[in-house]
Amino acid sequence: MTNMKGFTSKIVHSDRLSEIKHGSLHKPVHATVAYGYDDARDLAAVFQGTQAGFTYGRQVNPTVDALQVKLSAMEGGLGSVCFGTGMAAIGTLLFALLRRGDHFVSSAFLFGNTNSLFMSFASHGLEVTFVDATDASQVAEAIQDNTRLVFVETIANPRTQVAALAEIGTLCRQRGLAYVVDNTMTSPYLFQPSKVGASLVVNSLTKYIGGHGTTLGGAVTETGAFDWRTFPNIYDTYKGADARLWALTQIKKKGLRDFGAALSPEAAHELAIGAETLALRLKRQCANAQAMAEFLDGRSEVRRVYYPGLPQHPEFSRAAGLFRHPGALLSFELDPGIDIWTFMNALKVIIKSSNLGDNRTLAIPVAHTIYHEMGAERRASMGIDDSLIRISLGIEEVEDLLDDLGQALGRST
């Protein structure tokens, strides 16, 4: 079992690496909040961290632990901590590791809710500088004496800019900064941020890893790349024998415990099952995205297409060098003569909805929905036009998707 090399083989069989009663092929759902001990001294030892065991459902659960083991294997990491949502994972990470007066550098091309979260943290005493992360020199220029970490997404949502992931990793190593990479848009099947020196990897499990649009979840994975002994914000309480795990321990025991953004065992079970088919789904979704991008690129009703798999994309070569496939999400701007609402409402197979990473293909008018709250000026700085439509590709037959796009564009002229 431990000699398996395949990505999917490891995921499918990971539950059986530890004992499961009755020969079950999946970890059972442990629907419990508390755990009992025959000897009160064992209970105390578990709470103090000197003995393995379970304390309280807000922090630990056997079903969630099984998912965390699976995620660590997927990312090639040392350990993972799960949360109720991807946003909870990002928020808890910052809450646990940063303090008032600290500064961090972030990509300007961010998921809308992440941008909102960072601005909220800024109003509570953290400093954040947003930069064009496709250029590592801009990250370097933003670093200050009080900078603690750099945060980037692999592929930006929705304009698909690809961050200078390797170059930023080198920069962070040289400057002694923690490097946090949100891998949601690529997933560990398309890319492992540990290979470019990421310290911590974030995934929204809701998206490609869960894959079926049924369950919320998030995770932080420790790669072992950063020397946390040099990080000034680790409390003595969480400095265990293995310094590589200090940050993850603090995120779990300080962040998760205090914020309480726990993942339920039922959700963990659903996400673990979804993860088993990640590679199978993404192969189809990425192939559909490539075909759709090429189709849209040839249509007169479309002004511009954003997809890293097109040669004219500014980071086409970078994406080809980093990722197994260039992703399953694209966006495009309609020609000024096309009414966005007429087009959207003409779609029949493609669903008008938010979310991404679903088995179903989803389309959303970006400026009017998920990026509406940030305002026109901030949208303009991110290159988000009022006619921009984001499409998350599903696993349908590509002919059905292209036929639907074609008829919708034809009705909109």
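User: Which residue is the bridge partner of Ala363 in β12?

Analyst: In this predicted model, Ala363 has Ile391 as its bridge partner in β12, and the strands β11 and β12 pair in the antiparallel sense over four bridges.

User: And what about β9, in which sense does that pair with β12?

Analyst: The pairing of β9 with β12 is antiparallel, over five bridges, and within it Glu333 stands opposite Leu388 in β12.

User: Is β12 mostly covered or open?

Analyst: Mostly covered, since five of its five residues are buried; Leu388, Arg390 and Ser392 lie on one side of β12 and Ile389 and Ile391 on the other, and both faces are covered.

User: What's the strand order of the five-stranded sheet, and which strands stand at the edges?

Analyst: The order is β8-β9-β12-β11-β10 in an open sheet with mixed pairing. The edges are taken by β8 (302-306) and β10 (351-352), each of which has a single partner strand, so one side of each is left without a neighbour in the sheet. For β10, pairing with β11 (residues 362-365) is in the parallel sense over two bridges, with Ile351 opposite Leu362.

User: Which strands does helix α11 lie across?

Analyst: Helix α11 (residues 278-297) lies across β8, β9 and β12, and runs at about 15° to β9.

User: Switching topic, at what angle do α4 and α9 pack?

Analyst: Helix α4 (residues 86-97) and helix α9 (residues 246-259) pack at about 110°, their axes 8 Å apart, which means that α4 is roughly perpendicular to α9. Residues making the contact include Leu93 and Phe95 of α4 and Ile251 and Leu256 of α9.

User: How many residues of each class are in that contact of α4 with α9?

Analyst: Eight are nonpolar, four polar and two charged.

Definitions and conventions
Residues are numbered from 1 along each chain as its sequence is written. This is a predicted model: local features need pLDDT of at least 70, side-chain atom pairs count only at pLDDT 80 or more; totals for chains, interfaces and linings use all residues. Side-chain values use heavy atoms; hydrogens and water are left out. Axes are lines fitted to C-alpha atoms, for helices over the stretch in contact, and angles run from 0 to 180 degrees between N-to-C directions. Angles under 35 degrees count as roughly parallel, over 145 as roughly antiparallel, 65 to 115 as roughly perpendicular and the rest as oblique. Contact means heavy atoms within 4.5 Å. Ala, Val, Leu, Ile, Met, Phe, Trp, Tyr, Cys and Pro count as nonpolar, Asp, Glu, Lys and Arg as charged, and the others, Gly among them, as polar. Two strands pair if DSSP finds at least two bridges between them. Buried means under 20% relative accessible area, exposed over 50%, partly exposed in between (1.4 Å probe, protein chains only).
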